Amino acid sequence: MLIGADDILIVAAPDLANLRNTKNLIDLLRAARPNDSRPQYCLNMVGVPKRPEIKAGDFAKALEFDPVATIPFEPQLFGTAANNGQMVAEVSAGHRAAETFRQLAQTLTGRTEVKRSRTSLLTPLIEKLRRKQA
């Protein structure tokens with residue numbers, strides 16, 4: 001299934017087993033999909049206390065490119081969201097993890113956030129006039 005996918009995101013924890021599996025998967029996908037975009041990866045649960053982990057820079061050096069996102073270990077935020085059945089952004093919209101998810105979604109979809117211009121009371125009238133002229 002992955003070989004036929006348009007875009008691929010691999011989510012990995014920063015440990016040796018995940019590094020090995022991510023590297024093997026990326027190598028396999030690059031060989032099987034030489035003309036497609038390179039698989040991307042994201043590091044999840046970075047900074048778990050008392051757990052040895054591979055630094056993001058070392059992970060990137062081994063894979064020869066940087067992760068598209070790094071999601072920190074935030075047990076309070078993720079636990080609350082999971083228990084309430086909510087998205088992280090619904091629990092805490094201003095949290096850096098929520099911003100990371102927004103940026104990741106924009107990167108994967110190729111879209112950017114649309115900035116809405118301020119509208120005045122005359123905007124509908126101007127729109128009608130423009131349509132009549134066209």
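**Exercise 1. Work out how helices H1 and H2 are placed relative to each other.**

Solution. H1 and H2 are roughly parallel to each other, a label given to angles under 35 degrees, while angles over 145 count as roughly antiparallel, 65 to 115 as roughly perpendicular and the rest as oblique. The structure is a predicted model, in which local features need pLDDT of at least 70 and side-chain atom pairs count only at pLDDT 80 or more, whereas totals for chains, interfaces and linings use all residues. Residues are numbered from 1 along each chain as its sequence is written, and side-chain values use heavy atoms, with hydrogens and water left out.

The step behind the label is the geometry: the axes of H1 and H2 cross at roughly 30° and come within 10 Å, where axes are lines fitted to C-alpha atoms, for helices over the stretch in contact, and angles run from 0 to 180 degrees between N-to-C directions. Helices here are DSSP runs (H or I, at least four residues), as are strands (E, at least two), numbered from the N terminus.

The next step is to list who makes the contact, meaning heavy atoms within 4.5 Å. H1 supplies Asn-18, Leu-19, Thr-22, Lys-23, Ile-26 and Arg-30, and H2 supplies Phe-59, Ala-62 and Leu-63. These residues divide into 5 nonpolar, 2 polar and 2 charged, with Ala, Val, Leu, Ile, Met, Phe, Trp, Tyr, Cys and Pro counted as nonpolar, Asp, Glu, Lys and Arg as charged, and the others, Gly among them, as polar.

**Exercise 2. Find which elements build the largest nonpolar core, and follow Ile-26 within its surroundings.**

Solution. A nonpolar core is a set of buried Ala, Val, Leu, Ile, Met, Phe, Trp, Tyr and Cys residues joined through side-chain atoms within 4.5 Å, and buried means under 20% relative accessible area, exposed over 50%, and partly exposed in between (1.4 Å probe, protein chains only). The largest such core has 13 residues, and those with the most contacts inside it are Ile-10, Leu-19, Ile-26, Tyr-41, Phe-59, Leu-63 and Phe-65. Two or more residues come from each of strand E1 (9–12), helix H1 (16–32), strand E2 (40–46) and helix H2 (56–63).

Turning to Ile-26, and leaving aside its neighbours within four places in sequence, one finds it in contact with Ile-10, Pro-39, Tyr-41, Leu-63 and Phe-65.

**Exercise 3. Is Ala-69 buried or exposed, and which residues does Ala-69 touch?**

Solution. Ala-69 belongs to strand E3 and is buried, with a relative accessible area of 8%. Not counting residues up to four places away in sequence, Ala-69 touches Tyr-41, Cys-42, Leu-43, Thr-100 and Leu-104. The C-alpha atoms of Ala-69 and Lys-128 are separated by 44 Å, with the two residues 59 apart along the chain.
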